[in-house]
Structure formats: structure tokens, C-alpha cells
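Have the viewer open and follow along.

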Amino acid sequence: MSPSEDFPYPTRPPRSTPESRRGAPPNPRQETAPGMLIDRDQEIETRAGRTVQADVYRPESGEPAGVLIAWSPYGKHNPAPIGQIYPTSGAKPEWMSDLTTFEGPDPVFWVPRGYALVIADIPGTWYAKGPASYASPEEADDFADLIEWAGTQPWSNGRVGLTGVSYLTVAQWRVAGLTPPHLAAINPWEGWSDTYREVARHGGIPETSFWPYIWERWGASTGEIEDLEREDREHPFFDDFWASKAADLEAITVPAFVVASWTDQGLHTRGTLEGFRRISSPHKWLYVHGAKKWAEYYRPEMVEMQAQFFDRFLLDRPSEIESWPRVRVELRERYGVGSFVDSTDWPLPEVEYRALHLDASTGAVSHDPVSAGARASYHGLGDPFLPERVVFEHRFAEAVDVVGHARAILHVEAPEASDMDIFVGLFKRDVHGEIVPFAYYAPVRGRAGRARLAARLSPRARPRTLDRSSARPRAPSRCASRGGATHPGGDRDPPVGHPLRCGREPRARGAGARHQALPEAARLRPARDRHQPRSPDPPYRRGLRRTARHPDQRSLTQRPSMIDMNPANAKIPGTT
């Protein structure tokens, strides 16, 4: 179906039926469980005439409760305790009950504590009336209507909070910018805030794995749904359509407990950190960890932190939150091992940025500018008789912590090609020369989740200009125009957090065939003692998918003083 004034997006038939995914037609009823009442299949109509289908878990006493909403496309009807579905995700089955839905809160923990939970199917998905749209202004309006409904029910104390992981956080960023009157607090837990830059087109490169997979996951319905596949084809560049799927972060003013991780590079890490940095909330806290996102969301100690946050802003209870550091960041030593440092803001204000320079003739990365030009080449398709990547290495002479945003400035060429896809990443080697593994990506099973990648950057190289609307010192955003549209990409800023001891090396790799790397040391400072050591969790690993666009020789061309990974004229606010 073509766009209309009432619904400005093309639609398509559902990708699956609710019945094919264990759904059952709505049957409004009340059930009981120990200490709680459960109102099933509540239908709430929005101002646009679409509906939300919700299950409400509330205290049996009937006393007004603080309300937590989980807004989800994954199905409220289908309990999905992650510890059972993904046994190697790090989330243990005993951490959640059988009432827990996918990436949402557990009623068995929250209801006895004085909360009502609203687990909602978004409009147009499952049996809710649509059409369905995703990360859109229309969806945010519908969400705001649900918040106002929940805040005015007899079982509600009038204060509503938002919780949940991934898409459940994407929706939080969107609706919080509308400032619904009854919204009192949000807990964004690893969710992108800019669909184009952080999901559909990393650095301008089309996402061909997760993005098509996830629109299938969102596609269960009895009616029309937004045709994301068609939109993805019709909008290859950043334009008004993609701008509408980015959150208005500066408009958010409610208290926020924001949780990010180093392990969701390429999906949620950048958007979550940008969310914390840009929201205007006077009461906001950031926690950055190095484990898997689902394990941390359900880990009892972290659930208690969530409760301390919501107790303060939804129930007016005394809370430990006043003693929290504004920012707590884990520095990862290796897989499952790390320690935390506290600070007052993100990016960390005590940052010292240092420029490092690539020497294409030797593969070295040094603090001194290179005086002579050189070239390092590789084959874009990974020819077995030619280099398939370029590698640059730097050995630290002192113990340092590397925390913050890394950036690379490269001069490249691909003969007989109009553009080129470059995959870069930052690796850490130990004193024995072995690359140190880190946790990566929550659902991957077995040892496939033990990744060696510490940070990633994947721009599509083409002429572009600075996108001043989202750029900042040390982290520019580039645009290329075609037909009146812009294409964000170019120099991106993958965040990292690692301690490096004397004699250890970050390895810089760059290629068009794999996720590889080259660094700018984002935050360097003398190492010091830290607190809160982390215990290892089950190992896992993810293989790196090969990609290539042009069967030609690519090269990094070095010019004197031009491969400076941190130009001297770029200043940090508050410094000279």
C-alpha cells in the first residue's frame, strides 16, 4: 500500500501471522498469581485510532502503584526468559521467572515491590490494530498515549517509568522527547537512537545481516505493516525519512539511568552513549559495562540498581541513587575480566587526546608525524596470493587506560571504483603477541561469542562534507550529497574502554574484506588501582563476516602530515 496523509509510509502484508508464532486471538480476562492480579489483553485506543494490546501485572492489594511500561514488537503473549532460550548469553535461568517476556522486566520481582507492569504490543503488531510503523513519530505518539492511559488508571500512582532492552530502549528515546505529563523516569538499556547511522547504514555501508533479520522479527501481524525493505531501497542516503527515525535527544528532560556496553559495537553502543551525552535531563546516570547486555539487565545486582532508580522517582522511597557516581565505566582487561572507574560526565572530562600517525612503509603507529609519503595496499576480495588487509601497530611504553571515542583519518583510493567500503577495528595484543579476546554480542552461542575486536569503524569512502548538526570535536560526522540527500558516514567514532600495560600493543588493521582496524588513542592516562573486579562469564565468540564490493586493489596512501589521526587544531571543550 502506498503512503497516505493518514499514514505516510508504504505498507506491506505481514511477514508472519501471530498464530504461526504461538499467538492467540485476544481474550480479555483477569488472572491471578501469588501476590498479583493480571489483566490480560487490555485494548487501549490511541488518538490516531490505532490500538495497543497490553497485559497488566499489578499488586493484588489494589494499592496505587508506580507503573513500568515495556513497549515491544516481540509479543507480550510469549514468555521468553532469555536464560532459557540463550543458555550461553550469560543470563541465568534462575534470574527470571516464566512470566518474563523477551528483553522486558520480570513481574515476579517488580509487583511485590509496589509496581504495576504494562507489557504492550505496539500498534499494528500481533493483534493490535495498525498499520504498524517502527521507530517513527507516529509510533512515539501512540506510546505517549499509552503512558497517559497508564498514568490515570485507578491502580496507578500517576508516575510512569520505561524499561527494557534494545528496541524497548529505542522506543524510550523516541517517546521521552515528547515529554508526556505522566512520564517520570526512563531506563534506556542499550538501544540505538539513530536508525540510519547505527543500524541501517553504518558509515554509509548497507547493513545486510541484522537489519533484514530484525524487520522479519517485527513483522507478526493481522494487518498491514510498514515496508522497511522498500524504504531501505528507496532511501539509500540520509534524508527527511531517516531523520524521522532518529530521536530528538535534546528534548528529553526526565530522570534517566542509562546503561551501555562495549560489547554491542555496531548496534547499540554508539547510540546509547550519544543518548546519555545529548539528553537534557538534570538527573542522569551512565553505567558502561563490558559484559553481554541481557546478562547485565537481568543480573540481580543490576536489577537492584534499576529498582533503586525507580524507587526514587516513581515511589519517592529513600534510595542509594544519591550516592551513585554520575558515570561509571568498565575498563576491560580481557574476556570476562575488568574493573570500573568513576567520573562526572561522558565523554570523560579528564580525557587527554593524543594524535597517532600511521607509517604505511613500516606498519608502525607513532606519536611523531611521518615525513615521507608511502603506500600500503591490499586486495578487496581477499586474494590468497595478495594481502587482504593492512595492519598498523603501536606499543605503549607506559601503562595507560584507553577510554573514549577513537577516530581515524585515512587517505585511500580504489582504482576503477566509485567508492569503497572500509572495515576498521582496534585490537589489543598481550605481552606474548596474542590478540586479547573480549565479550561480544549477547545472543551468540558457544565459543563463537569470544571476539577479538575491541572497537569497530566501517565507513564507505566517497567525497563528503562535515555534517555540523551531529559533529563534535574528536568525533566528526561526514555527509555526501546525491540528488539533494545527504549520506552520513566517513570518520566515525567507535567508543572503547581498555587498560594497556607497559609493552602491550593495540593492533590497528584496515581492510575491505573483514572487520579490521586502525586507532586513535581515545583516552590515555596513567593507570591506577580500581574497584569492583568482574568475574568471568561463559565464553562466547562471533565469527567475522566477509564483505567486499569491488574486485580491485585498494590502498592507503600516505602523505606527509596527512594521516594524523587527531589533528592538532581539533580542541576538546574546556581545553587549549
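This is a predicted model, and the salt-bridge count for it comes to 31.

**Arg29 and Asp41**
- The side chains of Arg29 and Asp41 form a salt bridge, with N to O at 3.3 Å.
- Arg29 belongs to strand S2 (residues 29–33) and Asp41 to strand S3 (residues 36–45), so this pair ties together parts twelve residues apart in sequence.
- Asp41 is buried, at 12% relative accessibility, whereas Arg29 is partly exposed at 34%.

**Arg354 and Glu352**
- Another salt bridge links Arg354 with Glu352, and their closest N and O atoms are 3.1 Å apart.
- Arg354 counts as buried because its relative accessibility is 19% and the cut-off is under 20%.
- Glu352 has a relative accessible area of 38%, which puts Glu352 in the partly exposed class.

- Which residues do salt bridges with shared partners join into one network? They are Arg29, Glu31, Arg40, Asp41, Asp55 and Lys76.

**Helix H9 and its charged pair**
- In the salt bridge between Glu274 and Arg277, the closest N and O atoms sit 3.0 Å apart.
- Both residues are in helix H9 (residues 269–278), three residues apart, so about one helical turn separates them.
- The general rule behind that spacing: an α-helix has 3.6 residues a turn, so residues three or four places apart point the same way.
- Glu274 is buried at 4% relative accessibility, while Arg277 is partly exposed at 26%.
- H9 as a whole is mostly covered, with eight of its ten residues buried.
- Among the buried residues of H9 are Thr269, Arg270, Leu273 and Phe276.

**Strand S5 and its neighbours**
- Is strand S5 (residues 65–72) largely enclosed or open? Eight of its eight residues are buried, so S5 is largely enclosed by the rest of the structure.
- S5 runs parallel to strand S6 (residues 115–121), and seven bridges join the two.
- One place to look on that side is Ser72, whose bridge partner in S6 is Asp121.
- S5 also pairs in the parallel sense with strand S7 (residues 156–162), over four bridges.
- On the S7 side, Val67 has Val160 as its bridge partner.

Key. Residues numbered from 1 in each chain as written. Predicted model: local features only at pLDDT ≥ 70, side-chain atom pairs only at ≥ 80, totals over all residues. Heavy atoms only, no water. Salt bridge = Lys/Arg side-chain N within 4 Å of Asp/Glu carboxyl O. Buried < 20%, exposed > 50% of the residue type's maximum accessible area, 1.4 Å probe, protein only. Pairing = 2+ DSSP bridges.
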